[in-house]
Amino acid sequence: MTKAISKALLRGVAAVALATASTAAYAQSCDWTPDRAVTYIVPWGAGGGTDANSRMLATMLEQKWGVPFNVVNRTGGNGVTGHSAISNAAPDGYTVGAVTVEINTMHWVGLTDMTHENISPIALIDIVPASVLVGNDSPFQSLEELMDHARENPGDLTGSGTSLGGIWHLALAGMLNAEGLDPEAIRWIPSQGAAPAMQELIAGGVDIATPALSEGRSLVDAGELRALAYMHDSPMDALPDVPLTAEVLDSGWTLAAYITISGPEGMPDDIACAYEQAVMEITESAEWAEFKASRGADVVFMGREALAEYMVTQDAALGETIQAIGLAD
Amino acid sequence: MDILATLAIVLTPKILGTIFVCTLYGAFVGAMPGLTATMAVALLVPFTWFMDPVQAAAAIVATTTTAIFAGDISGAILKIPGTPASAAYVEDSYRLSQSGKPRTTLFTALFASVCGGVIGVAILAYATPALANLSRSFSSDEAFWLATLGLSCAVLVGGPSVPRNFASLFIGLAIATIGIDVAVGHPRFTFGNIELYDGVSFIPAMIGMFALSELLRNAAVGHQTPLVKLTVEPLLQAITAAGRSFLQHWKNILRSASGGTVIGALPGAGADVAAWIAYAVSRRFSKSPEAFGRGHIEGIVDGGAANNAAVAGAWTPALVFGIPGDSVTAIAIGVLMMKGLTPGPDIFNTDAVLVYTIFGSFLIANIMMLVTGGLAVALATQVLRVPRAVLMPLILLLAMIGGFAITGSTLAIWIILALGLLASVMIWSQIPLAPAILGIVLGRIVEDNFMVSMMKARGDLTEFFARDTAAVLGALTLMIWAVLIYRALRSFFQTQTPSK
């Protein structure tokens with residue numbers, strides 16, 4: 001009897017407390033903080049760029065909020081597994097994840113039905129332009145020479161960098177398509193990621209590779225590979241002497257992958273806002289700048305609204321490319 | 001840079017302390033069934049942010065070295081190899097420990113691992129440029145042949161019956177076809193389950209095939225086997241015996257460690273392939289090949305030396321090209337870059353100190369592993385005093401949690417159950433398990449490289465022999481196949497004749 005009453009009382013108190021809390025949340029909507037461990041899902045393997053950026057951010061969020069941020073690599077299915085895990089988690093702020101550019105490509109090639117609508121974008125933390133790399137003994141000295149050869153001898157050259165329909169494949173096929181060539185004028189050789197593709201390039205197994213600029217940078221610096229261009233419209237500090245595709249090519253083709261921190265579908269405003277602010281403060285810190293510089297990347301940041309818009313544009317552009325090169329489902 | 005100067009940097013209390021703690025940590029994680037060396041290193045990453053570059057590199061190498069050795073511990077005690085690298089000789093080490101010599105076996109494995117690691121580092125320090133040249137010539141053609149060679153070894157070493165070895169290997173290869181096909185990106189045998197897109201992960205596969213099947217076998221036999229506690233020999237006696245068998249096989253260690261380092265340095269291969277090939281070679285040149293797979297120490301010495309040497313070798317492509325040889329070095333490169341060090345051919349000029357410190361740390365870690373690894377062996381073997389009927393279900397439960405932790409999904413548990421049943425049927429049909437595990441691990445590598453080569457050559461099979469290194473590896477593999485087919489035919493006709 002007394003138990004039931006006290007329970008009802010408690011419930012009432014809780015309801016009042018909740019109501020107060022939510023009004024408070026609406027009034028100053030960014031003061032949510034986690035009070036237990038947060039799971040940070042990374043859809044890609046340990047050791048890669050997404051993993052490195054996310055682990056750094058997770059550690060800095062941990063320092064900021066004083067609760068553990070556990071990074072979990074949910075790899076597999078060309079990114080589907082991890083992205084689904086982020087999308088389907090409870091939007092209570094205790095699961096966030098590294099949604100990457102593949103959210104805009106996977107559904108076009110028919111791997112999943114999930115799109116950027118099924119996640120809650122929080123902030124963009126990295127932009128990774130594709131590069132055009134050749135071996136140091138390659139006859140091609142410039143992107144124009146390479147494109148001319150591909151135009152005159154379609155199917156003669158091979159390129160690699162990721163799986164079929166992966167983002168770096170779209171970079172190459174999309175560039176060929178934009179320049180009026182057959183998207184298969186340079187044949188795509190699928191690989192398990194950028195590292196095996198660059199191994200193939202060094203060993204002379206393929207003619208070019210189009211991985212992330214950051215992934216190829218150390219081999220370019222070392223003189224093992226030569227960068228003909230990178231697919232961006234503004235110069236980056238890492239490789240000041242390498243031309244931009246936006247300047248060299250008539251079509252002005254560019255392609256960059258991106259890494260975000262995002263929440264599950266339907267994340268409440270106050271939680272998303274709190275994360276957005278925290279991430280913004282972190283990206284403005286000296287520690288983050290130092291980390292970025294060590295990877296040869298520029299510090300970038302985009303908040304929730306800008307990121308949501310960016311995802312819509314990217315989705316349309318990448319969809320167009322995928323359809324143009326005949327990979328759409 | 002001479003050795004003394006390097007040691008002077010490494011032999012500071014801070015670095016020594018780091019290495020000591022990390023070898024303990026690596027031994028713990030490696031010995032837990034279901035946890036891998038990669039996981040150990042990934043968990044270490046946040047701590048490396050607070051370390052200087054030398055200390056961070058030392059922490060990573062110390063952790064991996066011990067974790068790879070510690071995989072032998074759960075293999076010998078529970079028949080669950082900690083990593084696929086220990087799977088080659090798990091049958092031998094398990095049977096030896098069952099026959100009352102768990103500590104002798106593990107100390108021998110420890111000495112072999114330490115020695116293999118030290119030789120690996122020595123080769124790495126003096127021959128990195130040469131190894132780099134070798135790995136520079138590795139395209140998908142060469143990687144295909146090397147992985148195929150590894151698969152052939154499974155048939156060579158599996159069991160006395162070649163057809164049964166083939167059966168086991170093909171079961172493994174069939175399991176390896178599950179998941180997204182790399183060449184065209186199409187899911188196969190996934191039945192719409194996106195968790196299966198990445199294929200059957202080998203950790204749950206090993207737990208199911210080795211641990212669950214063993215449990216079921218014991219259950220099937222019922223009370224006929226008395227639940228006696230196993231004898232564990234006294235520590236000193238074990239160490240002396242291990243020392244003796246280690247000294248007896250110094251030639252094996254020298255051979256397997258140098259071979260293991262080279263294989264580890266090659267892209268696409270790693271500690272797993274190194275251990276299998278070393279085991280196969282060991283059996284080929286052994287005076288008692290028939291004892292292999294039935295509790296023979298020789299294969300353990302060879303395999304154990306080779307996989308720890310390969311761990312050192314794997315740093316070659318990582319340091320020289322910045323291309324990781326395996327997932328551990330992939331993480332290591334990430335950490336080094338975060339410290340402002342860019343791996344590449346210039347690293348020997350620009351960051352020579354760091355490179356030699358990595359070598360120095362390897363050396364110290366391997367030597368320190370004698371103490372921490374020995375401690376782990378001494379403690380872990382206490383587990384054997386628990387009756388198996390109590391121990392195995394507990395371990396299975398832990399292993400299932402471990403498997404679940406690796407993939408983060410309940411699918412791992414289903415894989416454990418399904419493959420455990422499959423393995424029970426295989427044991428019942430006297431089909432060996434080890435080749436199936438190698439099939440699961442190498443199936444994808446073989447297929448990927450084959451498809452990539454075929455796409456490059458537009459279907460021209462002769463391209464597999466067009467490159468020098470590939471031609472040599474290819475000829476070697478075909479020769480081994482010819483021998484195998486000859487043996488199979490001979491045994492077939494031998495069994496046919498008397499029955500007539």
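Before we look at two helices, let me say that axes are lines fitted to C-alpha atoms, for helices over the stretch in contact, and that angles run from 0 to 180 degrees between N-to-C directions. Helices (H or I, at least four residues) and strands (E, at least two) are DSSP runs, numbered from the N terminus. What you see is a predicted model, in which local features need pLDDT of at least 70 and side-chain atom pairs count only at pLDDT 80 or more, while totals for chains, interfaces and linings use all residues. Residues are numbered from 1 along each chain as its sequence is written, and chains are lettered from A and ligands numbered from 1 in the order in which they are written.

Let me start with the helices. In chain A, α5(A) packs with α11, residues 304-324, at an angle of about 75°, and their axes are 10 Å apart. Because angles of 65 to 115 degrees count as roughly perpendicular, that is the term for α5(A) and α11(A). Two residues are in contact if their C-beta atoms, placed from the backbone, lie within 7 Å, and here L170(A), G174(A) and N177(A) of α5(A) meet L318(A), T321(A), I322(A) and A324(A) of α11(A).

Now to the sheet, where two strands pair if DSSP finds at least two bridges between them. Five strands of chain A form an open sheet with mixed pairing, in the order β7-β6-β8-β5-β9, and its edge strands are β7 (186-189) and β9 (225-230). Strand β5(A), residues 131-135, pairs with β9(A) in the antiparallel sense over five bridges, and S131(A) has Y230(A) as its bridge partner in β9(A).

Definitions and conventions
Parallel < 35°, antiparallel > 145°, perpendicular 65-115°, else oblique.
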